[in-house]
Amino acid sequence: MSLPRELFTSQGADGQPGALLLRCTACGGELVCFEDERFLLCLTSRLRFRITEDDIPVMLMEEAERLEPSEVDALLAQARKRGLTVPGD
Ligand SMILES: [Zn+2]
């Protein structure tokens, strides 16, 4: 799957997407995009926003899942290992 390119800033001529334009509904912070697992993660709010089968991120607070700090740490480690864009890195 891949999220609609409109959700990203454009970047270069190689067609690679840039930064995610979406921000966390709770704090306005940047999100880590786990495209394969179909969710967006806010490290600050510890919120997980799911992505629908139609590749639409669900940014409603009521639909977001609050994670434990240990879960966020594990996901962050995974993101870094896989070279995903992590805000603040
Ligand atoms: Zn947040």
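This is a predicted model: local features need pLDDT of at least 70, side-chain atom pairs count only at pLDDT 80 or more; totals for chains, interfaces and linings use all residues.

Me: Let's begin with the overall make-up. What is the order of the elements in the protein chain?

Reply: The protein chain has one helix and four strands, and from the N terminus on they run β-β-β-β-α. Buried residues make up 20% of its 89 residues.

Me: What makes β1 and β2 a pair?

Reply: A pair needs at least two bridges between the strands. Strand β1 (residues 32-34) and β2 have three bridges, in the antiparallel sense, so they qualify as paired.

Me: Which residues take a positive phi in the two hairpins?

Reply: In the hairpin of β1 and β2 that is R38, near 65 degrees, with four residues between the strands. In the hairpin of β2 and β3, R46 has a positive phi near 55 degrees, again with four residues between the strands.

Me: Why do you say that both faces of β2 are covered?

Reply: In a regular strand the side chains alternate between the two faces of the sheet. In β2 (residues 39-42), F39 and L41 are on one side, L40 and C42 on the other, and all of them are buried. Each therefore has 20 or more other C-beta atoms within 10 Å of its own.

Me: How do you know that the length of α1 fits a helix?

Reply: At 1.5 Å a residue, its 14 residues should span 20 Å, and the end C-alpha atoms are 20 Å apart, so the two values agree. Just after α1, G83 takes a positive phi of about 75 degrees.

Me: Why is P87 called partly exposed?

Reply: Its count is 15 other C-beta atoms within 10 Å. Buried would need 20 or more and exposed 12 or fewer, so a count in between is partly exposed.

Me: Where is P87, and which residues does it touch?

Reply: P87 is in the segment after α1 (69-82). Leaving aside residues up to four places away in sequence, it touches G29, E30, V32 and L43. P87 and A19 are 68 residues apart in sequence, and their C-alpha atoms are 9.6 Å apart in space.

Conventions
Residues are numbered from 1 along each chain as its sequence is written. Two residues are in contact if their C-beta atoms, placed from the backbone, lie within 7 Å. The expected span of a helix is 1.5 Å times one less than its number of residues.
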